[in-house]
Amino acid sequence: MGEVKARRFISPSAVVWLLLAAAYFIIPLFATLLISLKSNQTGNCCTAHNYGWVLHNGDFWHTLRISFMLALETIVISLAIFVPTIYLVHLKLPKLRPVIAFLALIPFIVPPIVMVVGLLRTFKGTPAWFYQQPWGFLAAAYVILAFPYMFFSLDAGFRSIDVHTLTEASQSLGASWTTTLFRVILPNIRSAALAASFLTLAIVMGEFTIANLSAFHTFPIFIQYVNESQGFPAGAVTLMSFGITWAAMLSLLLVGRKRGQSSRIIAGAR
Amino acid sequence: MPAGAVLVGAFQNNQDNPTLSNVRLLFNHPYIDAYRTSIEISLTTALIGGVAGLFIAYAAIREGTPKFLRSGLTTFSGVAANFGGIPLAFAFIATLGPLGILTVFLKDHLHYNLNSQGFSLFSKTGVELAYMYFQLPLMILVISPAIDGLKKEWREAAANLGAQPWQFWRYVGLPVLMPSILGAMILLFGNAFAAYATAYSLTSGSVNIVPILIGAYYSGNVLDNPHLAQAMAFGMFAVLALMMLIYIPLQRRAAKWAK
């Protein structure tokens, strides 16, 4: 009779696969690092000059600021819309939940490149302060882009707390709706809201498709411009952009770990 | 829900051309070629990324592999699956471009000239190679829970009945995993099909895939015919919606063993 032996050491084939994966994932990052350290004049290693070039570039700070403010705006608008909505759905309209969950899947089926085509057409006749400003058009697009991530994260947060008991307890103590929302519900879904916010930050800071097609100058557009025009500084700015994405995603993972559940972490800056 | 309303509006617009001529144009040269290239890239990266991702995930999860490797891989995949676009394209140019670190290293030290072997990073193969950087992590993230669902008892039961390891995989393991694997591959397909920024930045828009064609219409590089771009966007939506229709029953099937 056969017997399954407990394996005490890592199997050789597992070593091969993991090493291959490690090589594939690490080499491009390492190459970017090497390129970023090369001198623009001589092509030799190693100088921090490229990082200085980026840090002294006015466009870098300008576009970084636009992207960051856009991310903040998107997060604030999204939370302001979706927290009360999902709260209401959980409290009073549980039948609507599948409908919203379905709507939340739509941005997965409609990729950004398709979405921007629709949006450009939909908003064509709107006033210039909206259509020609990143704070208007782009923010609206990013709220839609962030919607599924907001929804799935907040929905999981609301499901893990007892909305009914909390609301009843708060109201029998005489709290108004706004007090209940801000001082009872919000602190309880804080980690879910934070996770959704970090994810939104990562998405907006890396979003290229919509910004490019609607001709706004955000941070990813600046990176693309450096890629096209400057060889070695492009390595530096690429690594910096990696750093931003990674910081946002790692904060998200830390927040999720504290909560003890994995959150949905598949975004799209492709 | 204003977001929902705009979303619905976003893809209704693609349809509202009074004639079908734009949609009909899609089936002609060169648009049908763009769809073919797009689908080829998506299929290739979904299949290779799916299979390789499965093996990597299994290698990290299986017995004997230290636990920290698994948590490390999961964390990294969570980050890498989200990263793509312009920085990813540059990382590959830095590695395998004409003056990339790896290209130069191979030429100088191993006397192997990648470019004279017919490899170009700015071709379809290059785009596929770069896409794997987000396809593999996505596969690892999506398939890991399914691999966790393979119970140790099944394997012991199979062994007790005299099954060889390959027989276990052939008759138990793979059939149980299959719906999850196919479902994950469809996600990967959609993921690659929708990608724009990576291919755009890598090839400067020279690779002929649908998102790049749509982008070209909007930046006015070619003809300024927004209706055609809308028709192409609608075509993409149709392909992805079809994928979703296959995905949902697969997902249901996969959930059967998850309990």
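## Before you start

Residues are numbered from 1 along each chain as its sequence is written, while chains are lettered from A and ligands numbered from 1 in the order in which they are written. Because the model is predicted, local features need pLDDT of at least 70 and side-chain atom pairs count only at pLDDT 80 or more, whereas totals for chains, interfaces and linings use all residues.

## Chain B at a glance

Chain B has 12 helices and zero strands. Here helices (H or I, at least four residues) and strands (E, at least two) are DSSP runs, numbered from the N terminus. Of the 259 residues in chain B, 44% are buried; a residue is buried if 20 or more other C-beta atoms lie within 10 Å of its own, exposed if 12 or fewer, and partly exposed in between, with C-beta atoms placed from the backbone.

Contacts are worth a look too: two residues are in contact if their C-beta atoms, placed from the backbone, lie within 7 Å. Among the contacts in chain B between residues at least 6 apart in sequence, 77% join residues at least 24 apart.

## Where the chains meet

Between the two chains, 67 residues of chain B are in contact with 66 residues of chain A. Helix α12 (residues 226-255) of chain B gives the most to the chain B side, with eight residues. That side has 44 nonpolar, 19 polar and four charged residues. In this count, Ala, Val, Leu, Ile, Met, Phe, Trp, Tyr, Cys and Pro are nonpolar, Asp, Glu, Lys and Arg are charged, and the others, Gly among them, are polar.

Chain A is divided into domain 1 (9-47) and domain 2 (51-259), with bounds that come from an automatic or database domain assignment. Six residues of domain 1 are in contact with five residues of domain 2 in chain A. On the domain 1 side there are two nonpolar, three polar and one charged residues.

Start with A:A141, which touches A:V116, A:L119 and A:I210, not counting residues up to four places away in sequence. A:L119 sits in helix α5 (residues 112-122) of chain A and counts as buried because it has 24 C-beta neighbours inside 10 Å.

Next comes A:T74, in helix α3 (residues 58-91) of chain A. A:T74 is buried, with 26 other C-beta atoms within 10 Å. Leaving aside neighbours within four places in sequence, its contacts include A:A139, A:Y142 and A:T200.

## A pair of helices

In chain A, helix α8 (residues 163-172) and helix α9 (residues 177-188) pack with their axes 10 Å apart, at an angle of about 150 degrees. Axes are lines fitted to C-alpha atoms, for helices over the stretch in contact, and angles run from 0 to 180 degrees between N-to-C directions. A:L166, A:T167, A:S170 and A:Q171 in α8(A) meet A:T180, A:V184, A:I185 and A:N188 in α9(A). These residues divide into three nonpolar, five polar and no charged.
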